[in-house]
Amino acid sequence: MSDITVFKAKTIVTMDPNRPAATHVAVRDGLILAVGGRDCADAWGPVTHDETLSDTTLMPGFVEGHAHMMAGAIWDYAYMGYHDRTDPDGKLWEGMDSLDAVVSRLQNIEASLPEGQPLIGWGFDPIFLPGERLGAVHLDRVSTTRPIAIIFSNFHLMCVNSPALEMAGYWDGTNVEGVLKSDNGKPTGELQEMAAMFPIMRRLGIDFRALSQRDSAIRSYAQVARRAGVTTVTDLFSQLEDEDLALMLSITGEDDFPLRIVPALAAAGDPEALADRALALRAQSTGKLRLGAVKLMTDGSIQGWTARVKSPGYVGGQPNGLWNMAPEQIFKTCAALHAAGVQMHIHVNGDEASEVVIDALEAAMAQVPPRALRHVLQHGQLMDDAQFRRCAELGIAVNLFANHLWYFGDQHVALTVGVDRANRMDAVRSALDAGLITAIHSDAPVTPMGPLFTAWCAVNRKTMTGRTLGEAQKITVAEALHAITLGAAQTLHMDSEIGSIEVGKRADFAVLGADPTTTLPEALKDIEVLGTVVDGRVHLL
């Protein structure tokens, strides 16, 4: 007979309405055997009592339904952001509030680099900095010989210096969408979306796949997740080459690896071939590596003015955003994947992009009857009530980017979409009222992974200046906790295994310093994460 371990906690928030709270949980063979008091598993035979967690609060392991595995390894590059950030090792990197500060940090880094090595930074966001936008003219102050590329925090834009522009062959006569030019017709150094960025990335060796698919990167991702109380995490937009799959199977197959990973295959190329590849991957799923979904990238970033938005457009008069996947290709891909029975996670930031995708999914379902695929609209930041109602009718789920309310809310009011649309951004209340399966997320490394902070954003809807952005869209603490546990698990088709502390489910827990259900809503983000439990194995920080 297998060993039974009974973990004691100060309190256990189960997310199970049949037993919402407990003090003990019994684990056997990595699964939950019983929940209740000290004697909850006595009927099953001899038990071992473990009081390692007796002074903590246990919750179901948090589920991060939209993140990227480069969240760990992106720290190989220089951090150039406005906000303070903490790296996977717990080191604090202070943000910068001026272009001069950015240039100064780059100059210090450049002086220490070997000759011939490009300088690559990440996390930059000009929307917070006063005055002119970062351009080649600024980066040339760092070096006129070494190529430099600074990736924006949204990963949809970058800025490069003159040597990098020359390497890519970008000049006055270049006619590539996304290569911004000044009034005199010369490239400014700002590049928007992949068509413009990829030539630079290829020449400078900026490889998001390489940042994700190596041993150290996968283990670093697990460290990022553990610090956030996350036991199941996605990698949305993964290339999943055969060698990548072999490495991930090997690492996640280790008994003490503290994370379940759910990659979504990046949508590219022929839709039928894409469907075949997704189905082949699905057959290789394991307990800690769940495969078979596909990620579509439609539009861009609202704060980068590359998201596709409806009338009245952007408040500054900027042109509408860019399509990463043309609408006709969205329709073809949705039709093929839905017909093949492949779940889709679809990036939609602007409300025009949301409308096109809902139309495409409705058309696909008209050809092949709706099935329980639970396609998910990811971000959905400008979706309105009518779009949520259509999603409910079609059985589409949503995963909303609640962190944007704090990180970018003030800028959205003033600079991107104006107060009326900003008040309904990431409208979790409307999604829940429409009856949708709803999750909320961080999109790490765009914003830091931290489900309790994400929950705080959805509950309080505060901006960086303390403004409440959309009082009517606030949700309760209970609803927010559901969104980072069972709601997110439902978007991944894993709610039968994770998302609540119930008999028969996997023994995955977040170990916390306080009970979120009895903490003031304003203090949710301040609850300390002490570690995780995965398959009944304790991984404290």
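Mentor: One term before the strands: two strands pair if DSSP finds at least two bridges between them. Keep in mind that this is a predicted model.

Trainee: Okay. What is the strand order in the open sheet of six strands?
Mentor: The order is β7-β10-β11-β12-β14-β13, and the pairing is mixed.

Trainee: Which are the edge strands?
Mentor: β7 (78–79) and β13 (179–181), each of which pairs on one side only.

Trainee: How many bridges join β12 to β14?
Mentor: Three, between residues 157–160 of β12 and residues 187–192 of β14. The two strands run antiparallel.

Trainee: And which residue in β14 stands opposite Met 158?
Mentor: Leu 191.

Trainee: Which strands does helix α2 touch?
Mentor: Helix α2 (residues 99–110) packs on the sheet and touches β7, β10 (119–124) and β11 (148–152). Its direction makes about 150 degrees with that of β10.

Trainee: What does α5 lie across?
Mentor: Helix α5, residues 193–204, lies across β10, β11, β12, β13 and β14. It runs at about 105 degrees to β14.

Trainee: New topic: α8. Which of its residues are buried?
Mentor: In α8 (residues 242–252), they are Asp 244, Leu 245, Met 248, Ile 251 and Thr 252.

Trainee: Where do they sit around the axis?
Mentor: They cover an arc of only 135 degrees, so they are on the same side of α8.

Trainee: What do the buried residues of α8 pack against?
Mentor: Against α6 (208–212), α7 (215–228), β16 (260–266) and α9 (271–282).

Methods. Residues numbered from 1 in each chain as written. Predicted model: local features only at pLDDT ≥ 70, side-chain atom pairs only at ≥ 80, totals over all residues. Heavy atoms only, no water. Buried < 20%, exposed > 50% of the residue type's maximum accessible area, 1.4 Å probe, protein only. Helix = DSSP H or I, 4+ residues; strand = E, 2+ residues; numbered from the N terminus. Arc of directions from axis to C-beta. Contact = heavy atoms within 4.5 Å. Axes fitted to C-alpha atoms, helices over the stretch in contact; angles between N-to-C directions.
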